[in-house]
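The sequence and the model are shown first.

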Amino acid sequence: MASVKTRTALLLDRDGNVIAWGDDAVVRWRQHRKDRVRLGWRFEELFKMNLMDDTDPHPLGALAPRSTSATEDLITKYLRCMLDRVLEEISEAGFTAEDALFCLTVPNIWNDGNKAIMRRCARNAGFPEDDDRLILALEPEAAAQHARVAGIRVPGRTNDRQLLITPGQRLIVADCGGGTIDRTSYRVCADGSLEETGTSSGHPGGGAYVDRAFVDTILIPRLGGADRFRKLQDTCPDGIDAVLDQWQSAKLHITADNDTPRYFSFSADLYKKLPLRTRKDLVAAQDGEDREIVASPEEIRACFDAVVQDVCTLISDQVNELAKEQEDDDPPIVVLLTGGFAASPCLRDSVTAHLGDEAVVAVSPDPQAAIVRGAVHFACRPDTRARRARRTYGLGTSRTFRPGIDLEEDKRQAETDDGKLFDVCVTRFECLVKKGALVPSDHETEFGPYTPIRGLQRDLDLDFYVTDGPAPGHVTAASCRHIGTISIDLRPVAGRPLHSRGVRIFLKFGETEIKARAVLVATGKETPLRLNLETS
């Protein structure tokens, strides 16, 4: 491939069929300015950003909000195009799809439902069904893997240069992409593997929000307001795109202490289409200049301020948390900036100045490609030894009713082996793992046994819940959120006494995705289990 990076963009015809994808979609969309409306073409980009957990909205907001079903359709189409390209490449190298291991990276801030959607989209696009052949990797972990194999060096205990991935090193990975900012911290173990420390966090942010600030605070006001800007987009799209291209080039050279104006020239066609009133306003606002936009240093810095300050705060909060555990002879805490926005000198300068002597700031070599390159190594050798549970997870279970403690409205009747009835509470929260708990990546925890409460049951459905606080007593607590269902097939033990239909559940919380399996107590054999995570 000419580049390992391409745009998250699709060009679709009026029936929703893909005409082009990635950078080619952008080029062809621009090339067909004059006839794309007649052709019924539609351009979509940044659609992956819609798979965000909307339970904690961020002030920066969403870039391109749309329904989950529409987002899934776009992601599936995009992945299908990408897979076709990959298969073409490996075929030319003499390999087949069966020879390949596939790895897709996802933001660390995605919840379990978001990951389930990505896996479903990938399978619908033609990727392998087997979890062992289609691996999901968290983007900060992929970046850390890239840092390991790239041999990044940082100041050590005595200011000598040492490898970043050195036993005992505490590392914060700040993945600053186009649309999201993720922060995760690790401790490097004796064998070079990574153990997650502290709490991970993140939200919408990154380069795309800086671009939006340029359009909203500089471009639109200079061109006469939102209505006039939209009209110019229709009547002179090439002229508008030319200004935006100049901005894309300029922002790669803007530093935190930028003190010079930036100039964005109008094409002849765009200038002709500017109303006389707009030109006069430009002359008045820009010391007589009306053939280009003159953006002051203060205006330029303001485009970066909200996003950059957000990154600085996100990182320093984690540095302060790790510093509490730092010993005098420990190597300095290192902050690794990665992702496309990490290429911004303004971001790098700002983070370095904000942290001062509290941490060493390093940038991934080729930060725009660090994650995808690291994903290759992660798929072959996942070196994350343990992760922190993002939330407190639990099951809704039925337990003996406790008068005065359990609510009457949650009382139901369960059967004994001889058909007698007794009262149970069906909303009890059974904690599986607590938020922040360190869970080894290969660790599987056993829960149960769980038995049906009625003789006619042929399967066992357990509701899956999460909370960001401590484990509540009941799933009806305000802090609890239902995220899915675990369904277990009990037909192999149908007809047995109720107490002999027990099932044990084995769960893994230390991998990128939650993994589950079930074993029947009576037979010791696995029985089909479906972990259905809500993806709405």
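In what order do the 3 strands of the open sheet lie? The order is β2-β1-β3, and the pairing is antiparallel. The model is a predicted one.

## The three-stranded sheet

β2 (18-21) and β3 (42-45) are the edge strands of this sheet; each has a single partner strand, so one side of each has no neighbour in the sheet. On average, neighbouring strands are turned by 20° against each other, direction ignored.

Strand β1 (residues 9-12) runs antiparallel to β3, and 4 bridges join the two. L10 has E44 of β3 as its bridge partner. Helix α1 (residues 23-31) lies across β1, β2 and β3, and runs at about 115° to β2.

The domain assignment divides the protein chain into domain 1 (9-137), domain 2 (144-381) and domain 3 (391-533). The centres of domain 1 and domain 2, taken over C-alpha atoms, are separated by 24 Å.

Between these two domains, 18 residues of domain 1 are in contact with 27 residues of domain 2. The size of an interface is often given as the accessible area lost when the parts come together. For domain 1 and domain 2 the buried area is about 1,800 Å², with 64% of it on carbon and sulfur atoms.

In soluble globular proteins, nonpolar side chains tend to be buried together. The largest nonpolar core here has 51 residues, and those with the most contacts inside it are F214, W247, F264, F266, F304 and I315. Helix α11 (residues 297-323) gives the most to this core, contributing 11 residues.

What does F266 touch, leaving aside its neighbours within four places in sequence? Its contacts are L223, V243, Y271, L274, L282, D290, R291, E292 and I293. Another core, of 25 residues, lies apart from the largest one; F447, L460, L490 and L520 are among its members.

## Strand β22 and its partners

Strand β22 (residues 481-489) is mostly covered, with 7 of its 9 residues buried. Strands of a sheet pair through backbone hydrogen bonds, either parallel or antiparallel. Strand β21 (residues 459-467) pairs with β22 in the antiparallel sense over 8 bridges. The pairing of β22 with strand β26 (residues 529-533) is also antiparallel, over 5 bridges.

G484 takes part in both pairings: in β22 this residue is the bridge partner of F464, and G484 also stands opposite L533 in β26.

Methods. Residues numbered from 1 in each chain as written. Predicted model: local features only at pLDDT ≥ 70, side-chain atom pairs only at ≥ 80, totals over all residues. Heavy atoms only, no water. Pairing = 2+ DSSP bridges. Axes fitted to C-alpha atoms, helices over the stretch in contact; angles between N-to-C directions. Contact = heavy atoms within 4.5 Å. Core = buried A, V, L, I, M, F, W, Y, C linked by side-chain atoms within 4.5 Å. Buried < 20%, exposed > 50% of the residue type's maximum accessible area, 1.4 Å probe, protein only. Domains from an automatic or database assignment. Buried area = accessible area lost by both parts, 1.4 Å probe.
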